[in-house]
Structure formats: C-alpha cells, structure tokens
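Hi,

Here is the structure I promised to pass on. Have a look at it first, and my notes on what turned up follow below.

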Amino acid sequence: MRPLGWLPVLTQLVLLRFLVARPVSPIRVFVVPHSHMDVGWIYTVQESLRAYAANVYTSVVEELMLQKHRRFIAVEQEYFRLWWDGIASDRQKRQVRHLLATRRLEFVIGGQVMHDEAVTHFDDQILQLTEGHGFLYETFGIRPRFSWQVDPFGASATTPTLFALAGFHAHVISRIDYDLKEAMQKAQGLQFVWRGSQSLSAEQEIFTHILDQYSYCSEGFHWDGSAVFPEPPPNNLLQPMAEPITWNNMKYYVSLLVDNVKERAAWFRTSHLLWPWGCDKQFFNASLQFENMDHLLDFINSNTSKLGITVEYATLAEYFGALHDTNVTWHVRDHQDFLPYSSGPFQAWTGFYTSRSRLKRLARRASALLYAGESMFTRSVWPAPHQHLDLDWALKQLKQLRWAVSEVQHHHAITGTETPKVRDTYVKNLRSGMQGVHELMASLVQDRTPAFTDPGAGGHVAVVYNPLAWTVTTLVTLTVGFSRVNVTDESGRPVTAQVQESKEKQPAYNLHVLTTIPGLSYRHYSITRTRGTQVDTKQLGASLARTSNFGRKTETHAGPGGRRLIRVENDCYTVFLDRDTNLMHSILERESNRTVRVTQEFMEYRVNGNLRYGPVSDNFVFIPTDTARRPWKSVGMQIVSGKLMTEIRQFFYRKVRDRNHTYAIYSRLAHVPVGHGGELLCRRIEQEYRVGPLELNCEAILRTSTSLHNRQVLYSDSNGYQMQRRRFREHTSNSIARNYYPMVQSAFIEDGRSRLVLLSEQAHGVSSQGNGQVEVMLHRRLWNNFDWALEYDLTLNDTSVVHPVLWFLLGPRPLTSGLRRRSGLLLQHRPLVLLRELNETAQNRPGPQQQEAVTLPPSLHLQILSIPGWNYSSNHTEHLQSLQKGHRGKAKADLRRVLLRLQHLYEVGEDPVLSQPVRVDLEVVLRGLGSVVAVEERSLTGTWGVSSLHRWSWRTQDRPHRRGSSSSHSTPLQGTKVTIYPKEIRTFFIHFRSKTAQNRPGPQQQEAVTLPPSLHLQILSIPGWNYSSNHTEHLQSLQKGLNLPHLCSEVDIVNKLRTPKVPTRGGRSTAVPPLPGRGSTCRALGGRRAAGGAGRGGGGAGGAREGPAERRRRRRRPQPAQPGSAPARSAQRRARPLPPPRNQAPRHQAAAAAAAAGRTTQRALAGMRARALARPHPRPPPARRALA
C-alpha cells in the first residue's frame, strides 16, 4: 500500500458517518386553509350566499380571532363584497381589519372572480382584476401579491404576464394535462419561473407553482359537512363529512396526513410543501374545521422527530416567503401555455371553448359597450362637465356594468358550463348593466345632436361614436323600414349609402353608410325617407342594391368543379364562386397576385349521449364518435350587388326539399379604395353565419379548406394578447378533441407565401385537422343520461339559433402581420350607433362643438380611458392614514383622476415598422380632454405606483437575478412623455386641471368647492331683513310697535330659498324637500310658533309664553340644554344644516344576526346586490309636524 493511500477511504467513511448521523431535515408543511366558492355554476350567487358563502366569512373571522396561529386565504371577491356591504356587522368589520393587519387573513388574486383562462379576453381579465383590487385597496389599503388560479380548465400564458404587471410575487395553478402533470411530478418540475410573453421575456416573469395531482382539495379532512341548498338547516345542524378527531382515531388521521405529505413532498425540490386544506363550499362551519385540525397539528408537532414533518397554518405569503428564502435555482419556462386541458384519455376539456355561444357573444358585446361608455363619459366630464348630467348616477351605471362583465369572466360563466338558471342570472345582470350604460350614452349625446332642417320629413338622427383612438373608415349598418332613403351629415351634405333587402327580416331593409370617424369622436347623420322616386324628385338618396338569385344545388353536384365560376371583386380580392355547387371556389389576392383555393362548408360531429356506450360529450368535454360529416343536402345562393358593397348569401338545407335553412353564410366585400384610410375595410372579407337549431348530440363546425400547405400547424391567440403555435399531435385516443384550441380573437394558417387569418367576435374552438384546413366550432347541442348531469340540468340542450361573426384576411405574411391586430380591434370595438327621432331634435339649438380627436400611432391601442370613481389618495401613506382615521369610503368620487392604459400591439420582430418602440407625449395626445396637471405611472390595476412596486426576483438557471428588483418597465415616465416597447402594457393616472377651480391647489379640491359653498349660501342668501344689527336698537324698534314682516328661523328661510332641483335618472328634476328644523312656516313677531316645536321663547308646542322676568333671568344664567331635549335637538339641527343619510343600520344588523345564527333570510338579502353596487342618494326625512 502506498503511503497515505488509506486517506481517501477514511475520508469516505467519515463523510458517510457524518451523513448518516446528521438528522434529516423534517418536511415543513404549510397548511393553507381556503374555501373554493364558485360565483355561479350549479347555484346562483344569491343561493350560494344564503346556503354557505356568507357563513364562510362569518365563521372564519370568528375562529381566526380565537387563535392567533390560525390562517385563511380569501379568493372570490364577489362573495366577500356582498357579505361586507350587506351582512357583516361593525364588529366583524373591525375584526377583518385586525386580521388583515396581523396577516392572519390574506386576500389572494383579489379580482372579482377566479376568471377562466381559455375563452376570456385579456381586457376583461384586467377589468375584473382592477374591479377587485380597487375595492380592496380603497377599503383596506391592501394589495394582493399572490394568485390562486386553481380551478380554470387549463392555464394561459397571458395570465402570468398580467399578474406580474399587477405586482404579484408568485402564481399558483392546478389544471394542466394529466399526462404532462405526471411527467412533471416525476421530474420535480412543478415549480418554475414562467416567462409568459416572448417579447417581454424576463422583464415580466413570475414564479409559478403547479399543484400536484391532488389539486386544491384535501380529501378526508373536511369536518363541516356539505352545504344544504337552498337554505341551511335550522341551528346549522349538519352531518359532518368526516368523523371528528378523538384519541381513538388520532392514529388514523396522523397516518393519513403524514403519508399524503411524504408522497407529495417527493414531487418537489425543497422540503417546503404547500398543502391546500379545503375544497368546494368548505369552511361554512369553521369552528368544526379548526377544532379538529388543531388537535391533529398539535399531535404531529409534538412527534416531529418520529414522524419527520412539522405542520403549521400558513398563508401564501408565508409559504412563498419561506420558499424564496431558500434561494434555489429554478428552471425557466417560455411563453407556451398549458392548453388544452385533459383530465384523462377521453376527457379533453375543449368543448367549453364553444358551449353557450350566445352567452359568449353577449359577454363580449357588453365588454365592448362598457369600453365605449367609459371613454364617452370621460370625454363628457373633461374638459367641461356635461351640464345636465348627474355624475353620481352616471358612475353608478358604469359600475353596474363593470360588475356584470367582471362576474361573467368566472370559470363557470363565460365557459358555458353553468346550469340554465345560473346562465339566466348572468344574462339578466349583463342586460341590465347594458341598458343603464345605453341610457347614459343617450343622455350624453342628447345635447350634442345638431339641428337638422326639414324635421317634418320624419326619420332618425344617427349618432355614430368611434371608441378607438384611431381614425376609422368603415360601413355602419342600420335596419330601416323603407327602401328610398336619404342620408346627410351634420352640414346637410349627402353621404354615400346603400340600401338592400334584409337577409333575415322581411320586409325590412339594411342601410349601409360609409363613414370616416376620428378617434374618440362622433359623426351625426340624418336618415329620412325620400318622397316619391329618386328619379322624379332628383334627390341624392342611398343607392338601391340589385339581388341575383341562383337555384339550389344538391350535394350530388359537388365534385372537382371550377368550370363555371362567378366573380365578386373589389380593389383587394376577387372571390370566385362555383355555380355547380354554390360554394366558394377560390380567392385571388391582388397584393401578391396569388390565387388560393378556398372552399367553405358546414359540417357536424356526432357525439354519444348514452353512458352505456362509452364517454359522453357535455358542457366541458368534446368526445366525437367519428370524423365530421356534411349535414346538408342542398345549397342556395343570392348575390346582392351595390355601389358600396357586395353581399354573397349561401343557404344550407338539411334536406333537398326543406323550406327553411339550418345554416347560412353571409359574406361581404366593401367597394372602397385601399388609400385614404380604406385599407382595413378593403382587405377583409366579413362573414356572418346563421347556425341552428341543431339536432340533438350534434356539434357544428365551419370548415375552410385551402391550398395552403400548413402541415397541420395552427396559430391561435392567447386571450387576444399574443399568439401560440399549435402543432397537430397524434394521440392514442381522442386525437380530434385534443387538437382543439381556444380562439378568443384570432387564428391563422400559413405557408411560405401566404397567410389566411380568421378574426372572431367571440370565443370559439379552432383546429387544423388536415393539411390546409382550419375549422371553427360554432355551436353545440348535447344531452346525456348521466344522473348527476340530469339532476342539475347540465346537459347543454341548447336549441337556440346563433349568429357568429368572422372576418377573413388573406395575403402575404408581412401584409397580414400589420393588418391582423388592428383589424381584430376594429371587429371588437366597432363604431357605436345611437338613434333618435329626428323630430326630437331641438331646432334652435346650435350645432355641437366637436371635441378634438384623440389619435394614437397605429401600433398603440388605447386599452382603457376611464374615470373609475375611486376616492383613495394616490399617495399610499396618506391613504393608510386616512383609513386609520376612519375615513373609509366617505369621500366623493375623484373625477379629476382619469385611468389611462396603453398597449403596444406588436411582438418584437413581427413587423419592421410597427414593432418599433413608440414614444408619445400624453399631454399632446390628451389635449382634447383638457390641461394635464400631472401624470402618475401605476401598476396594471392602478393600486401601486411603479416607483414603489418591488417584486421578488427568483434565481434562474440562465442568468443571475438581483433579489428585490423593482418593476421592470423599459424606460420610466419622463414628465408626460413615455416610450412604449413591444407588447408592453402601461397604466397611468392622468390628473386634469378643472376649469371651475384652476386656482385651488390641493388634492381635496372637489370637497373644497362643493361643501363650503352650501354652508356659505345659507348665510348670504337671506335678503330683505330690515332689523338693525345692533340688538338694543332692534328691541327699541320692537317696543315702538313698528309693523315689521314676520320673522323666520334660519332653517325656514333656507327652505324658502332652496330652489335647486335634484336631477333624476330619467332626466327630470324634483324639488329638494325642506330641511328638518324648527318648522317649515314662519311665526309672527312675538307670537307662538305656528309649527315645528319649541323655539328660544317657548317650552314646546302648546307651552306657556315666557314672561319678561323669566326671560331676563334666563339670559343672566344660561342653562345648557339637556341631551334629548327640544332645544338640544334644535341646536343640533342648526349646527348641521345638511341632513344625514338615511340610517340603514337596522337592516344590516338583522342580516348580521341571521348570518351569526347560521342562516340568512330572503328578506335580509333582498336588494343586497344593488346596495353593493352603489348606495342610493340619501334623501332627507320629512319635517316632523308638531301638534298645535
């Protein structure tokens, strides 16, 4: 043996002994209590609130106050806001504030709902997040830092990007493809840093945690039973779901938890384990939950050395804080998402991409209406407020629609997976909110409508508003009852228009008006019926289109075709139609001079509805039994040709002799030149479809087959924000369904020369099942015999007729890259038309003063221009101080603060020009709204100043990170100038200078202007008093018996002079009722008060008059008024001339008492939703009438 050759062996033995002797670090288990409360799904929000949701917050708050080591995370804001505004007592509200301050209660996500990630648009994701964050910050001064997206059916790459922009430290998801999750568990890859945007890259990355295969539920540890609908049982007597813990069964529960913990810990890289405790509808009896779990945790922690784990209650902040401190290096995931989601080989959750198509369309249209209403209202307030508008009422209408649009983003709402009764509540809330905003917009344009000549001709005034911040040239379509129409603009000049027979409504006509509207501006058109014929009167009316009918062609004619073609063309395309089939044949694209073979037809997938024969399709999943087949036997066609546009109408019949068609395609080509702003209009083929009613267990698609060699590679958008590459993957089973993807706004296929783009008005499922093919699922009608689905009516037996809209772009890749994003926004935010009767227009009113347009560069989008109405200070320290002083929600809405959000539309390298950074001066862009005082850059939801927003930095494999790095916008705001880089979303508070108070500095300018004048006017608006200011002289005058007019009390005179009227919702006004005081009538000199109780010289109604001696003694020895006495009450009323709001405490106390008893009544909850949206205007109580 060589000298010292034994050293390595000895070293190994020492190290081995050290490793064996060293105690293994126990697994640190973070038990996160939570309750998953769906805002809808099977039961309505009000039913869930009564049955369990209200009691979750009531009982959890009570239990957290009992033990300091307990924790809870709250997720769905809608239930909490309803509980807070309508049920919680003052004591419970104080407890909530204390729990938040001590970090025992934590709000995660913080949005109105846990939104879906597949079929929601990112605008609406931001809206619902902003709605919830604004409430939390305004009420508590807190800002959520963690997500909890554990139930949406798949995970989008857009959501983590938005959460990073909102200031989140970490992101939690759960539902990803079952086989992918299994592979990631084995590789310990469930935790990573996700860079959701390929352009923002590392700038907006976020640490992401995927829950393991047990997801967010912890089976076997639910002791509070199951919620009972529609009302909880008396005295809350529920059968516990799990057997309560005793010494006899302690070993069973310990073994159950420890075994589960060790199994799950093997799937993660550190010894820190996130262990969700809760599930759907849990913790409505939190005392049973915590009492049992307390015993279990205490026993485990007292035996840590034997069991190898420690257990503690925790919030997400505590878990991720401990994980972050480990400073582990994490791998990076790129911008690829986790869609589609499959929970098993035959459980591809791709059906909900299309389920309840009408609800999806209504939700998007409500969102578009809200977008237009927000900017229109903002423009009506700045630079000068609308003189006849009740601003509080206006904000209430916008807030109601914000709530409804936010609510429907829930993962059981817009997805179409809810029961019919829940769907009806979503529809009702959306329509109610839309009606309120329509009324608001109608009132805003009322005084902006110019006076048109010749009102006797009848007709309408069409006010067309462009909500986008670009100049838009487009066709506006109206329905009229006559074919001879004359259209003129504000100056009386004739406007190019076309009238044609309506495609659906007979004998109505469609009127198409060509309009060009600057950004955020109006155009006004007079639409009148012409007298006689246009030839006789020589009027320049709308041109009448010509209709050509083509006979039906049966399916047997379908073949190679192409021998007899019909041309329909404009300056950008020539569409060829096959006369042998009445189907589209090909399209010639003039930019590249390439003809692409394009055919379109409706097809249907048939699905199983009987569990005895295999898996069934339902609201969630799509399981076709075979490939798609043609459901039609013949096709009819019409071509409507006009000067402005040509419309191709194709009708598909199930049987050759059917009179009514089941399917239809309406294609439009506009005849406008490419130049002068007409490029977007010329380069699109607009299509609208009619689908339904369908046969049972049928899923309808539109299949477009082309000569493009895309090799079954499809690109579909992620929430309208970015594109995802979708390669067709072969699976051993269910390959058709597992290759369907969500299309929220756009999709395309391409080869080396051309690209075919589809733009959608709403969400659909989309797939490329063959080379050169792209198919869009348009409608579903399903039924199955699954007992659970039948019990809750979740079979999707949808017999409706739907009318989806798609726009097609065809051309070279560089051309379509520049057009796709702006065209998609134009489809989403088409000009809004408001109609008024022509004879309603005031003839003597001067024409409206056109506001200066708001125009952005073509690569930027005005994502929002809004007055949120928040009343918190932008300074965080000032806001917290205000909350500590008790000034919570008492201040008026701040109308000087405008929320502005800008988005760069293009990815890095997508377009040589449009992908460049853009520098804009916000003061110049917004000069049409007034003088900008200050600009603050904020986080995505507005609750953080970007200078104070710091997110955790996580160590990654590809580059070092600095811990605690600040928000990563590329360049900071410089005065009012900002540079926006590709795909950036930048949020600002814009403060304008009010014209009515330019010289009043300070953030409380509104209060200083409003309240002090009301007090000052009561003193200055008392005219004609003829008594001397010298008291002695006045008494001498009285003694001489001068005939003076009656003297009135202060309140009496104020009531006389109080002539302002309160505007009401309908535009009428009502007189302000008298202020409560010492009566509403005047008393004669030296006489008894006619009404209103005792004054300074009387002892009450009917009391004896005070003599001179008594009066002199009282003046020498003034006595303080006793509390509750008439003089004391009178003094209080004099000191407080404005009446307090009507006290609603008794109703709240009753609801709180009902909740504390374990149940709430229908009466306590009636109107709760309306009160949560906005409190009614306080009305003073009527003056009390004293007995004579």
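Let's start with T159: setting aside neighbours within four places in sequence, T159 is in contact with H115, E117, Q125 and H171. Keep in mind that this is a predicted model. T159 belongs to helix α6, which covers residues 158-165. Is T159 buried or exposed? With a relative accessible area of 0%, T159 is buried. C698 also comes out as buried, again at 0% relative accessibility.

Next, the disulfides. How many does the structure hold? There are 2, and a disulfide is a covalent bond between the sulfur atoms of two cysteines.

One of them links C217 and C279, with an S to S distance of 1.9 Å. The angle about the S-S bond is 65°, and the link is right-handed. C217 sits in the loop between β6 (206-210) and α8 (250-265), while C279 sits in the loop between β7 (272-277) and α9 (286-301), so this pair ties together parts that are 62 residues apart in sequence. C217 is buried because its relative accessible area is 12%, under the 20% cut-off. C279 is buried too, at 11%.

The other disulfide joins C572 to C682, with S to S at 2.1 Å. Its torsion about the S-S bond is about 125°, so this disulfide is right-handed. Here C572 is in the loop between β18 (565-569) and β19 (573-578), and C682 is in helix α16 (residues 679-682), so the parts tied together are 110 residues apart in sequence. C572 and C682 are both buried.

Then there is a sheet to look at. It is open, has 4 strands in the order β11-β14-β13-β16, and its pairing is mixed. At the edges are β11 (472-480) and β16 (543-544), each of which pairs on one side only. Strands β13 (residues 497-501) and β14 (residues 509-517) run antiparallel and are joined by 5 bridges.

Last, the surface. Which residues make the nonpolar patch of about 270 Å²? The patch is made by L611, F786 and W788. F786 is in the loop between β33 (773-781) and α18 (787-792). Its relative accessibility is 40%, so F786 counts as partly exposed, since that class lies between the 20% and 50% cut-offs.

Cheers

Key: Residues numbered from 1 in each chain as written. Predicted model: local features only at pLDDT ≥ 70, side-chain atom pairs only at ≥ 80, totals over all residues. Heavy atoms only, no water. Patch = residues over 30% accessible without salt bridge, like charges linked within 9 Å, V, L, I, M, F, W, Y side chains within 5 Å. Areas by Shrake-Rupley, 256 points an atom, 1.4 Å probe, with all protein chains shown as cover. Salt bridge = Lys/Arg side-chain N within 4 Å of Asp/Glu carboxyl O. Helix = DSSP H or I, 4+ residues; strand = E, 2+ residues; numbered from the N terminus. Buried < 20%, exposed > 50% of the residue type's maximum accessible area, 1.4 Å probe, protein only. Contact = heavy atoms within 4.5 Å. Pairing = 2+ DSSP bridges. Disulfide = S-S within 2.5 Å.
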